[in-house]
Amino acid sequence: DSKRMSNEREAIAELRMSTSGGNFTYDIYDTLVYVSGQNDKRKGSSFIKLPIESLPDSCLQIKHVGNGRFQIAAFITTVLNQKPMKESQGGAMQWENLPNNSSILLDNSIGLSFHVVK
(Lines give C-alpha, C1' and ligand atoms only; values in the text may rest on other atoms or scores of the structure.)
Protein backbone atom coordinates (compact mmCIF):
# COMPACT_ATOMS: atom_id res chain seq x y z
CA ASP A 1 0.00 0.00 0.00
CA SER A 2 1.77 3.11 -1.24
CA LYS A 3 0.95 6.56 0.12
CA ARG A 4 1.82 9.50 -2.10
CA MET A 5 2.25 12.97 -0.62
CA SER A 6 1.83 15.39 -3.51
CA ASN A 7 -0.24 18.04 -5.21
CA GLU A 8 -1.07 18.95 -8.79
CA ARG A 9 2.31 20.28 -9.93
CA GLU A 10 4.87 18.15 -11.73
CA ALA A 11 7.59 16.87 -9.42
CA ILE A 12 11.29 17.30 -10.23
CA ALA A 13 12.37 14.53 -7.84
CA GLU A 14 11.01 12.26 -5.14
CA LEU A 15 12.02 10.93 -1.77
CA ARG A 16 10.80 7.45 -0.83
CA MET A 17 10.65 5.82 2.56
CA SER A 18 9.58 2.30 3.54
CA THR A 19 8.48 1.59 7.10
CA SER A 20 6.42 -1.04 8.86
CA GLY A 21 3.56 1.45 8.41
CA GLY A 22 3.84 1.32 4.62
CA ASN A 23 5.67 2.91 1.74
CA PHE A 24 5.69 6.69 1.43
CA THR A 25 6.60 8.79 -1.62
CA TYR A 26 7.21 12.51 -1.18
CA ASP A 27 7.27 14.55 -4.38
CA ILE A 28 9.80 17.39 -4.58
CA TYR A 29 8.68 20.50 -6.47
CA ASP A 30 10.74 23.32 -5.00
CA THR A 31 14.36 24.35 -5.55
CA LEU A 32 15.02 23.88 -1.82
CA VAL A 33 13.17 21.45 0.46
CA TYR A 34 13.48 20.79 4.18
CA VAL A 35 13.08 17.25 5.54
CA SER A 36 11.75 17.08 9.11
CA GLY A 37 9.98 14.81 11.54
CA GLN A 38 6.23 14.84 11.96
CA ASN A 39 6.29 17.50 14.70
CA ASP A 40 7.44 20.30 12.35
CA LYS A 41 4.72 22.98 12.45
CA ARG A 42 5.72 24.69 9.19
CA LYS A 43 3.51 24.28 6.14
CA GLY A 44 4.05 24.35 2.39
CA SER A 45 5.41 22.24 -0.44
CA SER A 46 9.02 22.93 0.59
CA PHE A 47 8.58 20.95 3.84
CA ILE A 48 8.65 17.15 3.80
CA LYS A 49 7.49 15.75 7.13
CA LEU A 50 8.41 12.12 7.68
CA PRO A 51 6.03 10.24 10.00
CA ILE A 52 8.67 9.92 12.73
CA GLU A 53 8.46 11.83 16.01
CA SER A 54 12.14 11.58 16.93
CA LEU A 55 13.43 13.51 13.89
CA PRO A 56 14.18 17.21 14.44
CA ASP A 57 12.97 20.01 12.17
CA SER A 58 15.10 20.47 9.04
CA CYS A 59 17.36 17.48 9.65
CA LEU A 60 18.07 17.42 5.90
CA GLN A 61 17.96 19.96 3.11
CA ILE A 62 17.83 19.04 -0.56
CA LYS A 63 18.37 21.63 -3.27
CA HIS A 64 18.02 21.53 -7.04
CA VAL A 65 21.10 23.15 -8.58
CA GLY A 66 19.94 22.89 -12.21
CA ASN A 67 20.04 20.44 -15.12
CA GLY A 68 18.61 17.59 -13.04
CA ARG A 69 21.39 17.91 -10.46
CA PHE A 70 20.75 18.01 -6.72
CA GLN A 71 22.72 18.57 -3.54
CA ILE A 72 22.04 17.55 0.05
CA ALA A 73 23.03 18.90 3.46
CA ALA A 74 22.50 17.05 6.75
CA PHE A 75 22.03 18.38 10.29
CA ILE A 76 21.97 14.97 12.00
CA THR A 77 23.95 11.75 11.54
CA THR A 78 23.41 10.83 7.88
CA VAL A 79 24.94 8.28 5.54
CA LEU A 80 24.69 8.96 1.79
CA ASN A 81 25.33 5.95 -0.48
CA GLN A 82 27.23 4.11 2.31
CA LYS A 83 29.43 7.18 3.02
CA PRO A 84 29.03 9.26 6.22
CA MET A 85 28.19 12.90 5.50
CA LYS A 86 29.69 15.95 7.19
CA GLU A 87 27.08 17.59 9.43
CA SER A 88 26.03 21.15 8.74
CA GLN A 89 25.69 23.50 11.69
CA GLY A 90 23.89 26.82 11.70
CA GLY A 91 24.77 28.72 8.53
CA ALA A 92 27.84 26.56 7.86
CA MET A 93 26.30 24.36 5.18
CA GLN A 94 28.11 21.20 4.07
CA TRP A 95 26.53 20.56 0.65
CA GLU A 96 27.27 17.28 -1.11
CA ASN A 97 26.18 16.10 -4.54
CA LEU A 98 23.04 13.94 -4.44
CA PRO A 99 23.09 11.55 -7.40
CA ASN A 100 19.95 10.01 -8.86
CA ASN A 101 18.90 6.76 -7.14
CA SER A 102 20.80 7.59 -3.95
CA SER A 103 20.25 5.83 -0.65
CA ILE A 104 20.11 7.98 2.49
CA LEU A 105 20.29 6.64 6.04
CA LEU A 106 19.11 9.14 8.67
CA ASP A 107 19.98 8.78 12.34
CA ASN A 108 21.28 5.21 11.73
CA SER A 109 17.71 3.96 11.45
CA ILE A 110 15.60 5.68 8.77
CA GLY A 111 16.18 4.59 5.19
CA LEU A 112 15.26 6.90 2.33
CA SER A 113 15.83 6.73 -1.41
CA PHE A 114 16.14 9.72 -3.72
CA HIS A 115 15.09 9.70 -7.37
CA VAL A 116 15.22 12.41 -10.02
CA VAL A 117 11.92 12.53 -11.90
CA LYS A 118 12.61 15.24 -14.45
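**Figure 1. The whole chain, sized up.** What you're looking at is a predicted model, so local features need pLDDT of at least 70, side-chain atom pairs count only at pLDDT 80 or more, and totals for chains, interfaces and linings use all residues. Residues are numbered from 1 along each chain as its sequence is written, and side-chain values use heavy atoms, with hydrogens and water left out. Along the principal axes, the C-alpha atoms fill a box of roughly 35 × 35 × 30 Å.

**Figure 2. Strands and no helices.** The protein chain has 12 strands and zero helices, and reading along the sequence gives β-β-β-β-β-β-β-β-β-β-β-β. Both kinds of element are DSSP runs numbered from the N terminus: helices are H or I with at least four residues, strands are E with at least two. Take the contacts between residues at least 6 apart in sequence: 36% of them join residues at least 24 apart. A contact here is heavy atoms within 4.5 Å.

Figure 3. How much of the protein chain is buried? Of its 118 residues, 43% count as buried, where buried is under 20% relative accessible area, exposed is over 50%, and partly exposed is in between (1.4 Å probe, protein chains only). The accessible surface comes to about 6400 Å², and carbon and sulfur atoms own 46% of that. These areas come from the Shrake-Rupley method with a 1.4 Å probe; for residues, only the protein chains shown count as cover. On the charge side, there are 13 positive and 12 negative side chains, and the centres of the two sets sit 4 Å apart. Lys and Arg count as positive, Asp and Glu as negative, while His and the chain ends are not counted. Each charge is placed at NZ of Lys, CZ of Arg, CG of Asp or CD of Glu.

**Figure 4. The salt bridges.** Side chains of opposite charge can pair when their charged atoms come close. The structure holds three salt bridges, each one a side-chain nitrogen of Lys or Arg within 4 Å of a carboxyl oxygen of Asp or Glu. In the R16 and E14 pair, the closest N and O atoms are 2.4 Å apart. R16 is partly exposed at 37% relative accessible area, whereas E14 is buried at 7%. E96 and K83 make another bridge, with their closest N and O atoms 3.8 Å apart. This pair links distant parts of the chain: E96 belongs to strand β10 (residues 96-98) and K83 to strand β9 (residues 83-84), 13 residues apart. E96 counts as buried, at 17% relative accessibility.

Figure 5. D40 lies in the loop between β4 (32-36) and β5 (47-49). Is D40 buried or exposed? Its relative accessible area is 4%, so D40 counts as buried. D40 forms a salt bridge with R42, the closest N and O atoms being 2.8 Å apart, and R42 is partly exposed at 30%. Setting aside residues up to four places away in sequence, D40 touches F47, K49, D57 and S58. For scale, D40 and M85 are 45 residues apart in sequence and 23 Å apart in space, C-alpha to C-alpha.

Figure 6. P51 is 11 residues from I62 in sequence and 18 Å away in space, C-alpha to C-alpha.

Figure 7. N101 has phi near 60°, a positive value in a residue other than glycine. N101 is in the loop between β10 and β11 (102-106), and counts as exposed at 52% relative accessible area. D107, also not a glycine, has a positive phi near 55°. The place of D107 is the loop between β11 and β12 (110-116), where D107 is partly exposed at 35% relative accessibility.
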